[in-house]
Amino acid sequence: MDNRYLNVVDVEATCWEGQNPPGMPNEIIEIGLCVLDTHTRERVAKHSILVRPERSVVSEFCTTLTTLTPEQVATGITFAEACALLRTEFHADSRPWASWGDYDRKQFERQCAATGVRYPFGSRHTNAKAAFSASRRTRKRFGMAEALGAAGLPLIGTHHRGDDDAWNIAALIADMMEQSGWPAD
């Protein structure tokens, strides 16, 4: 069990303004990953894994939100390849991981179930949004950008890009660790 490093994950998925078009499920198009050294509280790696959607398309709304274009994600790897990469390169099946809220975990579960792809993560997931609220002793659920402001941390990069969001979430987690507000394993 690898407890020194925490994988902080943020996904971007196909999306539309309003309802999804018929037959087009939300699919992961970017997996942002930041590796956080829990001993030093340093962010030691930042990655963007582009994933080619197979059952949906990148809408204009999605491009406006994420900056990801259909042409960019067309160069990505398959979802199955991305999940295998998470296991082999980032030890996702043995490392604890965190995301801002439960959306990312549930999106992986849904997409793995729909495609028959092996779930890439182990069972030790922490909802960083809930942990942030608990560390602040509030019921309020902060969005990531709002949480950065509340913690006095800058938003670095482009909001709604997986790698930048994972990097910023890792900064919030490191700050919670510093304040003894991050849940122990």
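## Contacts along the chain

Among contacts in the protein chain between residues at least 6 apart in sequence, 69% join residues at least 24 apart. Contact here means heavy atoms within 4.5 Å.

This is a predicted model, in which local features need pLDDT of at least 70, side-chain atom pairs count only at pLDDT 80 or more, and totals for chains, interfaces and linings use all residues. Residues are numbered from 1 along each chain as its sequence is written, and side-chain values use heavy atoms, with hydrogens and water left out.

## Overall build

The protein chain holds 7 helices and 5 strands. Both are DSSP runs, numbered from the N terminus: helices are H or I with at least four residues, strands are E with at least two. Read from the N terminus, the order is β-β-β-α-α-α-β-α-β-α-α-α. The radius of gyration is 16 Å, close to the 16 Å that the globule rule gives for 185 residues, so the chain is as compact as a globular protein of that length. That radius is taken over C-alpha atoms, and the globule rule is 2.2 Å times the number of residues to the power 0.38.

Along the principal axes, the C-alpha atoms fill a box of roughly 45 × 35 × 25 Å.

## Surface and charge

Of the 185 residues, 48% count as buried. Buried means under 20% relative accessible area, exposed means over 50%, and partly exposed lies in between (1.4 Å probe, protein chains only). The chain exposes about 8,800 Å², and carbon and sulfur atoms supply 50% of that area. Accessible areas come from the Shrake-Rupley method with a 1.4 Å probe; for residues, only the protein chains shown count as cover.

There are 20 positive and 24 negative side chains. Lys and Arg count as positive, Asp and Glu as negative; His and the chain ends are not counted. The centres of the two sets lie 7 Å apart. Each charge is placed at NZ of Lys, CZ of Arg, CG of Asp or CD of Glu.

## Aromatic pairs

The structure holds 6 aromatic pairs. Rings of Phe, Tyr and Trp (its six-membered ring) pair if their centres lie within 6.5 Å; planes under 30 degrees apart count as stacked, over 60 as edge-to-face and the rest as tilted. Phe79 and Phe108 form a tilted pair, with 6.0 Å centre to centre and 35° between the planes. Phe79 lies in helix H3 (residues 79–90) and Phe108 in helix H4 (residues 103–115), so the pair ties together parts that are 29 residues apart in sequence. Phe79 and Phe108 are buried.

Phe132 and Phe142 make an edge-to-face pair: 5.2 Å centre to centre, 85° between the planes. Phe132 sits in helix H5 (residues 128–135), and Phe142 in the loop between H5 and helix H6 (144–151), 10 residues apart. Phe132 is buried at 2% relative accessible area. Phe142 is buried too, at 11%. Elsewhere, ring pairs link Phe79, Trp97, Phe108, Tyr119 and Phe121 into a cluster.

Ile169 belongs to helix H7. Its relative accessibility is 0%, so Ile169 counts as buried. Leaving out residues up to four places away in sequence, Ile169 touches Val8, Asp10, Trp100, Ala128 and Met144. Val8 and Ile169 are 161 residues apart in sequence, and 7.1 Å apart in space, C-alpha to C-alpha.

Asp37 is part of strand S2 (residues 28–37). Beyond its neighbours within four places in sequence, Asp37 is in contact with Arg4, Tyr5, Glu42 and Val44.

## Toward the surface

Glu60 lies in helix H1 (residues 60–66). Glu60 counts as exposed, at 72% relative accessibility. Ala130 is 70 residues from Glu60 in sequence and 31 Å from it in space, C-alpha to C-alpha.

Thr67 is found in the loop between H1 and helix H2 (70–74). Its phi is near 75°, a positive value in a residue other than glycine. Thr67 is partly exposed, with a relative accessible area of 38%. Ser180 sits in the segment after helix H7 (162–178). Phi of Ser180 is near 60°, again positive in a residue other than glycine. Ser180 is exposed, with a relative accessible area of 67%.
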